[in-house]
Structure formats: C-alpha cells, structure tokens
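Me: I would like to learn how to read the features of a protein model. Please take me through them in turn.

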Amino acid sequence: MNFQQIFGQAPEASASAPGRVNLLGEHTDYNDGFVLPTAIPQRTTVQLGFSADGQYHFYSEDLDEQVSILELNHTPSGFASYIFGCIELLKKEEHTIPPLSLYVKSTVPIGVGLSSSAALEVATLRGLRQLLNLPINDVKIAQLGQLAEIQYAGLNCGIMDQMASSLADTNSMLFLDTRTLERRVIPFPEGAEILVIDSGVHHALAAGSGYNQRRAECEEAARLLGVKALRDITDPQAAESLPEPLRRRARHVITENNRVLEAVQGVSAERFGELMNASHASQRDDYEVSVPAVDTLVAILQKTPGVFGARLTGGGFGGASVALVAAGGSGAIAQRVQEQYNQAGYTGRILTDK
C-alpha cells in the first residue's frame, strides 16, 4: 500500500529522519549531562497531504494500522500518539495545523534502543514544516519532539534522542551538552567503525518500565546532594553519602559524564573501547537497566578479536548493543558474534555495521 492507495490522493510533502545509536552518555541527558550519539542509516519517512474530509488520518505502513480523528480532543494510543503530540504542540504555539493525512514508513527497528520514536517525531515535524512552511529550526524540532514524547507518549525522556535525530549524521559523533544544547561534531576514533546488534529482547520504556523510576531516583539524589542536577557533580565519591539505590544511580551518572568528557578529548580507539566497557558495567551494576541477554551479547563482543569495546545502548531493559570495532572488520565480527550468541540460546540480528 502507498499514500495514494490509502488516502485516495497524492502526497504533497515528504520528510525523513534517522534513528540514532548512543556511543557514550547513557541516562545522562535527563540529568543535564553530556552525550555522544551518532545517526544510523535506518530512517523514518512521513508523507503528508491535506485531508479531504476534515479529519486527521494517520497510517503506519509497518503496523498496517490507521487512526482517524475528527477533533484532536483526546490522545490516541500507539504510534499515533507521537504524531498527535507534535501537532498539538505546534497548535499550542499558535501555528495553524489543518486536518491532514499522514503516512509513515520506517526502517528504524522498534523497541531496540535506537530511537524509533524520536525519528518519527522529527520526521513528522520536518514534514509539517515543509508542508505548511513553518518557521521552526532543527533545534526547535528536537525540543518539540521531546515534549511530544513526555506529554503525549508518557516517557519522561531527555533531549538526546531528538537532538541526535534532528542534527546528527552517520559519519561523525555529536557531542551534546544537554543543559545548554551546545554541541560540536567529533570524528570517530581513528581506525574504528560502529557495529550495532539487536539482542532480540525488545523493551517498552513508557509506563510500566523502570525508565521513569530511574529519572525520579536521580532527581531525588540531586536534591539530597543539594544540586540542580547530577551533572553538577564530578567526583563519584560525593555519591557515597546517599542511601541505596540512590548511591549507585548517582555514581553511574557521575562516572558516565566523566567518560563522555574524556572521550571527546580525542582518545584512541583502544581507550574509547575501555570507556564503553566501563559504561556497560556501570549500567548493569549501578543503574541496573541491563538484562541477561544483553549482558551475554556484550560479553561475547568484548571477547571477540577486533572489538575495542561494547555496551548496551539506549534506555535499557532490553534492546541493542553497540560496539567499536576495527575499521573494515565489522561484517566478519558481526557474523562471528551472532553465531556465538545463537549458540548461547539467544536470537539476535545485525542492525548496522559501518
């Protein structure tokens, strides 16, 4: 099916946005900290046109699901909630958004920590900007996308995913200060490339997961330490006065920020890999967002020749692992790792090797 077949007319605008993989800086963005993502080749594309019947129509090709709304007076569920949120937020900023038909197709895997939701939000907002000639820049698009996820999809997320989808590319890393939104492009470590493998365990980070709980724990830790956010503490020893589990949550955020700040100084691929390994251990033990399948996959990666380092990427509770590997070796490494992972009783898939 295509836009014409679903809506009976040709689309009038089209836009897309990539997913992202985060190399370092996990769970630091909602603590006003530092992150280091890159875009991935997989993208979400939206096509848009004006609705002929006065209703809003959203269709997902991947889900083969259509949602039609006469009046935007209640939030729909599923994929439509992200689109609905973007439209509502634009209306609240006094942009006129007439009834539209919107068609979504995506190659960004859902539920594996590669920001499929951010790609949908950014693609939707880019499409609306193009169709309606809206005066919103790429940073504003990221900010609106984040608010849509928080207010309409129920995930109290930071801004990393939307900033990466809106501003990053696949050829470099985006170093971002999530408090100030200052950013700069950083080259990959020399002689290295990225490999992403899905663990096969999907996550759902909104209501019901531990994601929002982790954020609340960090906010409580910051309050007890007398700072605006955990980003304002650089010495992990400062967390030792906190009760559990706040001590470990804060220690992860503090050490993770320090890892990002070291990495952007221009370290070798070997050192960058060590920082990734330390990041995974911290997520597993201090932040407690990993699962056995991901730990197994990361352990296999870390022991494989040609791999500098590997870690869980994304919000956790399942999802994908990212590895820094020797340039030109990702294909062979991926096959070897996948075979061992399958032998361990799990089913994964190679998502990107570049």
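**Domains in the record**

Reply: UniProt, in an unreviewed entry, lists residues 82-167 as "domain: GHMP kinase N-terminal". UniProt positions are given here in the numbering used for this model, feature names are shortened, and annotations may be inferred rather than shown by experiment. The model is predicted, so local features need pLDDT of at least 70 and side-chain atom pairs count only at pLDDT 80 or more, while totals for chains, interfaces and linings use all residues. Residues are numbered from 1 along each chain as its sequence is written, and side-chain values use heavy atoms, with hydrogens and water left out.

Me: Which other domains does the record list?

Reply: The unreviewed UniProt entry gives residues 2-47 as "domain: Galactokinase N-terminal". That span is 11% helix and 57% strand, with its end C-alpha atoms 10 Å apart. The entry also gives residues 268-342 as "domain: GHMP kinase C-terminal". Here the content is 59% helix and 17% strand, and the end C-alpha atoms lie 31 Å apart.

Me: How do I read the packing of two helices?

Reply: Start with the axes, which are lines fitted to C-alpha atoms, for helices over the stretch in contact; angles run from 0 to 180 degrees between N-to-C directions. Angles under 35 degrees count as roughly parallel, over 145 as roughly antiparallel, 65 to 115 as roughly perpendicular and the rest as oblique. For helix α9 (residues 292-303) and helix α10 (residues 330-343), the axes come within 10 Å and cross at roughly 140°. The two helices are therefore oblique to each other.

Me: What is the hand of the crossing of α9 and α10, and which residues make the contact?

Reply: A crossing is left-handed if the near helix is turned anticlockwise from the far one by less than a right angle, and right-handed if clockwise. The crossing of α9 and α10 is right-handed. Contact means heavy atoms within 4.5 Å. Ala293, Thr296, Leu297, Ile300 and Leu301 of α9 make the contact with Val337, Gln340 and Tyr341 of α10. To sort such residues by class, count Ala, Val, Leu, Ile, Met, Phe, Trp, Tyr, Cys and Pro as nonpolar, Asp, Glu, Lys and Arg as charged, and the others, Gly among them, as polar. The contact of α9 with α10 has six nonpolar, two polar and no charged residues.

Me: How are α8 and α9 arranged?

Reply: Helix α8 (residues 269-287) packs on α9 at an angle of about 160°, with the axes 12 Å apart. The pair is therefore roughly antiparallel, and the crossing of α8 and α9 is left-handed. Asn277, His280 and Arg284 of α8 meet Val294, Asp295, Val298 and Gln302 of α9. By class, this contact of α8 with α9 has two nonpolar, three polar and two charged residues.

Me: At what angle do α3 and α5 pack?

Reply: The angle between α3 and helix α5 (residues 160-167) is about 50°, and their axes are 9 Å apart. That makes α3 oblique to α5. Their crossing is right-handed. From α3, Ala118, Ala119, Glu121, Val122 and Arg126 meet Asp161, Gln162, Ser165 and Ser166 of α5. Three nonpolar, three polar and three charged residues take part in the contact of α3 with α5.

Me: Is serine 115 buried or exposed?

Reply: Buried means under 20% relative accessible area, exposed over 50%, and partly exposed in between (1.4 Å probe, protein chains only). At 7% relative accessibility, serine 115 is buried. Leaving aside neighbours within four places in sequence, serine 115 contacts Gly19, Arg20, Val108 and Asp161. Histidine 27 is buried too, with a relative accessible area of 4%.

Me: Where is there a cis peptide bond?

Reply: A cis peptide bond joins glutamate 244 and proline 245, with omega about 5°. Proline 245 is in the loop between α6 (211-225) and α7 (246-263).

Terms used: Helices (H or I, at least four residues) and strands (E, at least two) are DSSP runs, numbered from the N terminus.
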